[in-house]
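Thanks for taking a look at this one with me. Here are my notes, point by point, for you to read alongside the model.

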Amino acid sequence: METKQNTSAWKLRYRQPAAVWEEALPLGNGHMGAMVFGGTDKELISLNEDTLWSGFPRDTNNYEALRYLKRTRELIAAGQYGEAEDMVNAHMLGVNAQAYMPLGDLILTQPGAENYTAYERELDLDSGIARVNYQTGQGGFTREVFISTPDQVGVVHLTSDQPGGIQLELALDSQLQHSVSPGEGDRLVMKGRCPSHIADNYHQDHPLAVLYEEGLGVAFELHLHAQVTGGSVRYSAGKLVITGADRVLLLLAAGTDYEEVRSRASHRTASAAQHLEAVVSPAELCAGRLSAAAGKTYEELFARHVADHQAIFRRMDLELGGHEAEERFTDERLSAYRDGAEDPALEALLFQYGRYLLMGSSRAGTQAANLQGIWNPHVQPPWNSNYTTNINTQMNYWLAEVCNLSECHEPLLELIKELSETGARTAAIHYGARGWVAHHNVDLWRASTPSGGDASWAFWPMGGVWLCRHLWEHYEFNPDMKYLGETAYPLMKGAVLFCLDWLVEGPEGWLVTSPSTSPENRFITQDGRACSISMGSAMDMSLIAELMQHCLEAARILGVDAELQEELEQTLARLSPLRISKDGRVQEWLYDFAEAEPGHRHVSHLYSLYPGNRINRRDTPELLEASRLTLEQRVASGGGHTGWSCAWLINLYARLADGDAAYGYVRTLLTRSVYPNLFDAHPPFQIDGNFGAAAGIAEMLLQSHLGELTLLPALPGAWKNGRIRGLKARGGYEVDMEWQAGVLVSARITVKCDGMLRLSYAQALKLLLADGSAQALNGAFEVKAGGIYSVGV
């Protein structure tokens with residue numbers, strides 16, 4: 001099967017500048033992010049840097065929490081859930097995580113460009129470049145902007161069709177404490193510092209909501225370098241003024257002292273001291289990057305950026321039809337779509353946009369994508385723009401493997417490693433347990449403790465357990481014994497040791513968690529109180545069973561820890577199982593409590609349907625049907641009303657093999673839960689819905705969680721004809737498919753590892769041989785690494 005890259009489809013296009021941040025266009029390389037507004041007389045490029053967070057390393061553990069654990073468990077066992085919750089809220093919570101900060105703005109002022117014609121701006125996902133074109137009385141102007149991974153700089157290139165036609169003023173600004181001064185060689189230098197403390201958005205009116213303390217907080221620098229062809233550059237009143245230029249090249253470099261702050265806070269060991277000596281200051285970081293980039297022409301910078309970007313982005317292509325709509329502007333397409341128009345090309349664009357955004361906010365060596373990826377304009381962002389690990393951080397990475405972005409997964413895997421270190425102290429101090437633990441909020445400083453607030457969200461010691469799924473997923477998609485033995489298994493083992501110590505004996509001898517919550521949800525107690533604390537929630541037990549199974553499998557593959565294997569086998573047999581309630585739904589709590597909010601946005605009790613796989617058509621058909629009923633009733637009561645929860649529904653219905661229902665939530669997301677720039681609206685902006693939607697579309701087209709590759713498992717009627725190239729599957733496979741009239745035409749599977757391949761499809765499949773003949777498939781067949789195998793019906 002031959003496929004042709006459809007590069008023209010992957011553009012967001014508009015006929016006017018962005019009026020607000022949610023209309024601007026995102027660029028990023030994982031280290032630096034930019035939002036390009038596309039103005040004419042005043043262009044605003046809003047900038048972010050991945051290590052720019054409030055706070056500093058500190059001990060946030062609650063040293064009195066352990067004193068109250070035994071009594072809290074006794075209250076829960078006695079059915080006194082309200083009293084147990086009061087005790088958790090009073091004595092077992094912690095402090096809020098710190099917040100992700102905006103770096104600042106590059107402001108370009110062009111006198112005389114207030115009146116313009118022939119305006120167009122676009123974001124080209126295929127090249128990672130934002131472009132603006134317009135005409136004024138002074139001629140035609142073009143601006144190209146990108147953030148380079150190879151050169152680690154932001155690049156702005158301006159041209160005019162009139163010699164000497166560019167007149168500009170350039171300024172840097174920030175909402176944080178800062179100063180701007182001239183640098184050597186046509187440069188501006190902005191220096192500043194982050195707050196040492198910031199309250200979360202629920203407490204923003206507190207007088208110390210944003211606190212700057214002398215010598216504390218991350219320091220940062222942003223350097224701007226201007227090169228002109230023709231004309232001149234001069235410094236005046238805090239700005240660079242460009243006059244009479246034919247062409248302008250602007251280079252931006254950002255850096256912080258995060259590494260130094262982290263090193264100084266670590267224990268005074270020889271290795272820590274050695275690391276501190278090797279740390280480069282923000283000034284040195286910026287100067288080094290700018291000097292290297294300034295030695296290259298714009299054409300060289302452009303070519304290096306595009307080659308790096310396309311090497312990853314072009315691994316996949318998706319064709320769903322509807323190309324006539326691609327000539328329209330994106331906001332106009334969205335408006336028509338909301339009015340009921342069909343636009344399968346817009347749905348394909350949403351898929352590729354998710355891939356693009358993960359590339360922009362999570363590259364090897366950078367911080368992981370946070371609640372807003374890497375793009376944030378607020379000093380007090382919603383939910384501190386942190387890592388919310390009771391689903392949102394994990395959803396950010398659901399697409400990483402299946403959408404052929406495995407290296408973009410690496411920052412999350414590194415976050416888990418660092419979190420296991422702080423989490424080991426929290427496990428010991430809070431719970432007297434081995435291993436490591438994490439709760440629902442994590443920040444740059446790897447806070448592993450419960451946050452402040454309410455137990456319904458703050459008390460959830462399963463964050464690390466869920467994160468461990470990503471360690472295993474990375475292995476399953478990229479089988480590598482070295483990674484499994486040196487990285488994944490040790491971290492999973494630490495988390496499973498915590499689980500072994502956390503479990504207690506509950507009713508009928510089952511092992512349960514206590515205290516336990518189902519993230520952010522509440523039930524009604526017998527005395528009518530809405531409460532979150534009980535024992536053995538479905539979510540807790542699903543996560544622990546899954547982690548134990550993964551650890552068992554990993555230990556067997558590696559041939560290690562025979563005693564631990566035996567303990568895990570025995571514990572698995574005693575774990576409280578998932579239950580079906582009296583009305584036929586999956587039971588969210590150990591007992592069949594009444595729900596306080598029947599349409600709650602979280603559907604945590606369906607974790608084992610997706611992203612887990614312990615609920616499936618083969619092994620648990622009764623739970624599968626109970627899951628279907630659970631979803632129906634949750635949605636009928638108002639569930640799925642936020643962007644990310646709508647994206648979760650796409651994936652859940654894909655696992656139910658209900659393609660039309662899954663597609664319905666693709667439409668719902670695009671209809672009510674995206675901004676004009678296609679950013680996901682919680683509301684406000686959260687990026688997890690973008691990532692979850694891309695993962696869901698992939699899940700509709702390919703599944704590989706039951707030891708087989710299921711082709712087109714949830715293909716909706718709306719996508720009658722299409723093709724996809726480059727999907728990845730567990731086991732080390734890459735899959736291309738084409739279908740017509742809703743029926744598979746052919747699939748091509750590229751194999752990374754020797755093994756036995758089992759394929760599943762609604763019709764019988766045939767192996768297409770090189771000589772043109774076909775061989776009926778009956779069960780698994782042997783494949784060899786490097787081989788390419790084609791099948792059809």
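1. A polar contact here is a pair of N or O atoms within 3.5 Å; within protein, one must be able to donate a hydrogen and the other to accept it, and residues adjacent in sequence count only if both atoms are side-chain atoms. With that in hand, look at Asn690: a polar atom of its side chain lies 2.8 Å from the backbone nitrogen of Asp680.

2. A word on the ground rules. This is a predicted model, in which local features need pLDDT of at least 70 and side-chain atom pairs count only at pLDDT 80 or more, while totals for chains, interfaces and linings use all residues. Residues are numbered from 1 along each chain as its sequence is written, and side-chain values use heavy atoms, with hydrogens and water left out.

3. Staying with Asn690, where does this residue sit? Asn690 belongs to helix 20 (residues 688-701); helices (H or I, at least four residues) and strands (E, at least two) are DSSP runs, numbered from the N terminus. Asn690 has a relative accessible area of 2% and is therefore buried (under 20% relative accessible area; exposed is over 50% and partly exposed in between, with a 1.4 Å probe and protein chains only). Apart from neighbours within four places in sequence, Asn690 is in contact (heavy atoms within 4.5 Å) with residues including Leu350, Tyr353, Gly354 and Leu357. Phe679, Asp680 and Phe685 are also among its contacts.

4. Now the aromatic rings. Rings of Phe, Tyr and Trp (its six-membered ring) pair if their centres lie within 6.5 Å; planes under 30 degrees apart count as stacked, over 60 as edge-to-face and the rest as tilted. By this rule the model has 34 aromatic pairs. One of them is the stacked pair of Trp53 and Tyr387, at 5.6 Å centre to centre with 20 degrees between the planes. Trp53 is in the loop between strand 4 (42-49) and helix 1 (69-77) and Tyr387 is in strand 20 (residues 387-388), so this pair ties together parts 334 residues apart in sequence. Trp53 and Tyr387 are both buried.

5. Which way do the planes of Phe459 and Trp502 lie? They are at 40 degrees, with the ring centres 6.4 Å apart, so the pair is tilted. Phe459, in the loop between helix 12 (455-458) and helix 13 (463-477), and Trp502, in helix 14 (residues 481-502), are 43 residues apart. Phe459 is buried at 0% relative accessibility, and Trp502 is buried at 1%.

6. The rule asks for NZ of Lys or CZ of Arg within 6 Å of the ring centre and within 35 degrees of the ring normal. Arg58 likewise has its charged end over the ring of Phe56, 5.8 Å from the centre.

7. Helix 14 also holds Gly494, which counts as buried at 12% relative accessibility. Gly494 and Arg434 are 60 residues apart in sequence, yet their C-alpha atoms are 7.6 Å apart. Leaving out residues up to four places away, Gly494 touches Gly435 and Trp436.
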